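Trainee: Could you take me through one part of this model closely, residue by residue? I would like to know which neighbours matter for describing it, and then how you would read the rest.

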Amino acid sequence: MDNKEVLTNILLSENVTQNFYSEFNNNLEFKNWLNKILPEVELCEKQKQNNPWHLYNVLGHILKSVEEINKQTKHLSFDIRKMLSYVMLLHDIGKPATYIVREKNGKLIDSFFYHNLESEKIAGRVLNQFDFDKNEILIMQKLINKHDVFMFIKDFKTNNPHWRTLSDKVVLDEINDLNQVGNGFELIQYLIYVGRADSRAQNPKLAGESLRMLDKFEKIYLDLKQKNNV
């Protein structure tokens, strides 16, 4: 089994975190191979997240998020499950490059503004080395770019210029944006899986609101899907 197969098997396993660290810490050939392709992995291991939304360092969150998406995608084909597991592996990989400390509500916290764009760029650099084709890479980059879009959608009226209030139009806008790289009605479900996995790998004391909004977003999507006979 080559190193690419080893990594894929880890990412699609039941215990991603345990299996990854076991291989990374005990198989020098695997570690050197991955560090050569994706040196950001070790940066993510060193990158703390002093932020109430997070319990783990960046790599810990990433690995937990892969576990969480696997729980949602067991009914999908191997190729789609593989794509989504690599999306989660890479969704926050750009955080170390965007790390800042800022003050919020009188406290210093770690923040990573526009890390989705940095992660998308890194994904574009490495995904062809994991045997994904051009179309798959475009889809995966799009999902990485949009992985935290749900942070800015609220299920209540808001005057915050950075937030949108959940509605049929907001869901359709997201579907139409995903149409740029594939079937938007199909890809929006994948994006919901991504958003849910991301939230479930965060601090559970704070993730509840995001998860409830995602459930409402998904219901609107399913209703629109039925109305459009998709």
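Mentor: Happy to. Leaving aside neighbours within four places in sequence, Glu68 is in contact (heavy atoms within 4.5 Å) with Ala197, Arg200 and Ala201. This is a predicted model, where local features need pLDDT of at least 70 and side-chain atom pairs count only at pLDDT 80 or more, while totals for chains, interfaces and linings use all residues. Residues are numbered from 1 along each chain as its sequence is written, and side-chain values use heavy atoms, with hydrogens and water left out.

Glu68 sits in helix α5, residues 58–72; helices here are DSSP runs of H or I with at least four residues, strands are E runs with at least two, and both are numbered from the N terminus. Glu68 counts as buried because its relative accessibility is 6%; buried means under 20% relative accessible area, exposed over 50%, and partly exposed in between, for a 1.4 Å probe and protein chains only. The side chain of Glu68 also makes a polar contact of 3.1 Å with the side chain of Lys71. That term covers N or O atoms within 3.5 Å, one able to donate a hydrogen and the other to accept it within protein, with sequence-adjacent residues counted only if both atoms are side-chain atoms.

Now compare another glutamate. Glu45 belongs to helix α4, residues 40–46, and counts as partly exposed because its relative accessibility is 34%. Not counting residues up to four places away in sequence, Glu45 touches Tyr21, Asn57 and Leu59. Ile137 is 92 residues from Glu45 along the chain, and their C-alpha atoms are 25 Å apart.

Both α4 and α5 come up again when you turn to helix α2, as they are among the elements that cover its buried residues, together with α1 (3–11) and α3 (28–37). In α2, residues 16–26, the buried residues are Val16, Phe20 and Phe24. They line one face of the helix, because down the axis of α2 they fall within an arc of 45°, taken from the directions from the helix axis to the C-beta atoms. Gln18, Asn25 and Asn26 are exposed on the other side of α2.

Further along, Gln141 lies in helix α8, residues 134–145. At 16% relative accessibility, Gln141 is another residue that counts as buried. A polar atom of the Gln141 side chain lies 3.1 Å from the backbone oxygen of Glu120. Glu120 is also among the residues that Gln141 touches, alongside Ala123 and Gly124, again not counting residues up to four places away in sequence.

Most residues other than glycine have a negative phi. Tyr114, in the loop between β2 and α7, has a positive phi of about 60° although it is not a glycine. Asp131, in the loop between α7 and α8, likewise is not a glycine and has a positive phi of about 70°. Tyr114 is exposed, with a relative accessible area of 63%, and Asp131 is exposed too, at 52%.

So, back to your request: for Glu68, keep in mind the buried position, the polar contact with Lys71, and the contacts that include Ala197 and Arg200.
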